[in-house]
Amino acid sequence: MKVPRDRIRFNVGGRIFETTSTTLAHAGRNSFFGALFDENWNLKQLHNDSNLNNEFFIDRNSDCFSVLIDILRTGDFHIPAHVPERLLYREASFYGLLDHVRSAKWGPFDGNILRHCKSVTGRAPGDGTAIRAGPDGGCCVAHGSLVHVYDWMMEEHPPINLDYQRVNDAAWVDSENLIISAYERLGRGDGGLGLFNRRTGELRNKFQVWHENQVKSFTAGALSTTCDHKIFSSCKGRSNEYGIGMWDQITGKQIDFFYESPGWSLGDADRLQWLNDANCLLVATLFPRKDNCYISLLDFRAKKMAWSWSDIGVPVTMDDKRVRDAIAMESSQAICVVNEYEDLGFMDLRMNMGSVRWRSSRGRLMKGKMPDEPCYPKLALHEGQLFSSMDDCISVFCGPDWVLTSRLRRTRGGSICDFSIGGDRLFALHSEENVFDIWETPPPPIV
């Protein structure tokens with residue numbers, strides 16, 4: 001689509017800037033500058049006081065505006081010494097350009113070139129259970145009944161307090177809202193699931209389970225969200241409401257409920273993952289929550305399991321092959337699992353109840369007695385790379401054969417109990433000192 005190259009003048013805080021509509025179009029439709037164009041990307045002729053001199057007046061910081069315009073022009077990131085970084089991020093947020101600033105600063109995410117950026121000390125030593133990266137480069141950390149929320153400058157917002165109800169899981173809906181699951185009740189209303197404002201900690205929505213025309217008290221566990229505002233949670237109730245619930249994020253209303261089949265453990269699921277292409281939900285209940293592992297794909301439309309696997313009756317040594325985490329890889333139509341020694345296993349989604357192809361990715365350094373409170377391996381898939389945590393490091397695997405290409409390691413804080421990737425950053429939560437590390441791509445050199 002052709003964009004007219006007419007020149008545009010801005011008066012920002014008394015300083016004159018001149019650019020083109022082509023440059024501003026790089027900001028995108030949802031930015032401040034996108035509002036200056038009509039639906040065909042033609043510049044709107046605004047006849048108001050701000051445009052009497054053929055220029056648009058913006059009462060904002062001019063130094064930051066200069067940096068942001070340069071990012072739109074060239075994609076290069078350079079902050080003059082006299083411009084505070086936090087001020088630039090605030091201005092970028094106003095113009096809707098935070099994504100452009102992050103992309104210019106870090107470039108494409110590559111686990112093989114990540115560098116350690118910062119360590120943040122936790123607020124509740126020894127109690128960290130989960131860390132979740134936010135879409136804007138911030139994160140949240142669950143500590144018992146508290147969830148500490150950080151923006152992308154790692155400044156902490158007021159914590160979300162669940163009134164002594166232990167947090168099970170957390171998931172970002174968007175950069176402003178968090179879903180949190182907990183035992184029995186949130187302490188602020190019936191149900192074990194709530195939507196919270198990440199800046200204020202305010203409860204915006206509570207999600208209830210309805211069964212036989214009654215509201216049921218339940219424990220919410222693993223969480224997953226979709227781009228079309230659906231929320232999934234494993235649910236464990238007191239009657240028959242065991243399974244996976246689905247809610248509308250905006251209204252808070254229950255949409256559907258997939259009830260647990262005999263012999264399976266959907267209500268105890270450790271991991272949920274929505275698969276866009278297959279339009280199914282991965283549900284994994286893993287050791288040691290259960291003696292046996294159960295992995296399935298749920299098709300809510302057909303009300304059936306589209307694929308399933310369990311290690312019941314599998315002729316392997318249980319001490320060697322117990323699954324600790326699982327993740328679906330839609331591009332290769334496979335599910336990757338990991339055991340306590342970081343051995344990777346792969347299952348073909350085209351074969352129901354197929355076997356696991358195990359392979360060792362490191363020496364079995366932990367064979368024998370496990371620690372009193374072990375940190376089991378976790379998996380993540382991001383930008384075509386597979387990540388697996390083990391002890392105090394994270395391994396990166398690449399290529400069609402998932403070859404080990406690098407390791408990320410820090411010596412402080414003990415073993416990694418959880419990690420998460422988002423907003424072009426990797427966050428790793430350590431168990432012993434409750435420290436979390438931040439890894440990011442080095443900025444490109446300034447030529």
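Me: What is the mean pLDDT of the chain?
Reply: This is a predicted model, and pLDDT gives the predictor's confidence in each residue. In this chain, 85% of the residues reach 70 or more. The mean pLDDT of the chain is 84.

Me: Which element of the chain has the lowest mean pLDDT?
Reply: Strand E19, residues 271–275, has the highest mean value, 96. At the other end, with a mean of 54, stands helix H5 (residues 318–321).

Me: How many contacts beyond four places in sequence does the model have for residues 363–372?
Reply: Over residues 363–372, pLDDT stays under 50. Where pLDDT is low, the predicted coordinates should not be read in detail.

Me: Are helices H2 and H4 roughly parallel or roughly perpendicular to each other?
Reply: The axes of H2 (residues 62–74) and H4 (residues 98–106) come within 10 Å and cross at roughly 70°. Angles of 65 to 115 degrees count as roughly perpendicular. H2 and H4 are therefore roughly perpendicular.

Me: Which residues in H4 does H2 meet?
Reply: From H2, the contact involves Leu68, Ile71 and Leu72. The residues of this contact divide into five nonpolar, one polar and no charged. The partners in H4 are His100, Val101 and Ala104.

Me: Is Ala171 buried or exposed?
Reply: Ala171 lies in strand E9, residues 167–174, and touches residues including Leu178, Ile179 and Leu223. Its relative accessible area is 12%, and the cut-off for burial is under 20%. Ala171 is therefore buried.

Terms used:
Residues are numbered from 1 along each chain as its sequence is written. This is a predicted model: local features need pLDDT of at least 70, side-chain atom pairs count only at pLDDT 80 or more; totals for chains, interfaces and linings use all residues. Side-chain values use heavy atoms; hydrogens and water are left out. Axes are lines fitted to C-alpha atoms, for helices over the stretch in contact, and angles run from 0 to 180 degrees between N-to-C directions. Helices (H or I, at least four residues) and strands (E, at least two) are DSSP runs, numbered from the N terminus. Angles under 35 degrees count as roughly parallel, over 145 as roughly antiparallel, 65 to 115 as roughly perpendicular and the rest as oblique. Contact means heavy atoms within 4.5 Å. Ala, Val, Leu, Ile, Met, Phe, Trp, Tyr, Cys and Pro count as nonpolar, Asp, Glu, Lys and Arg as charged, and the others, Gly among them, as polar. Buried means under 20% relative accessible area, exposed over 50%, partly exposed in between (1.4 Å probe, protein chains only). pLDDT is the predictor's confidence in each residue, from 0 to 100.
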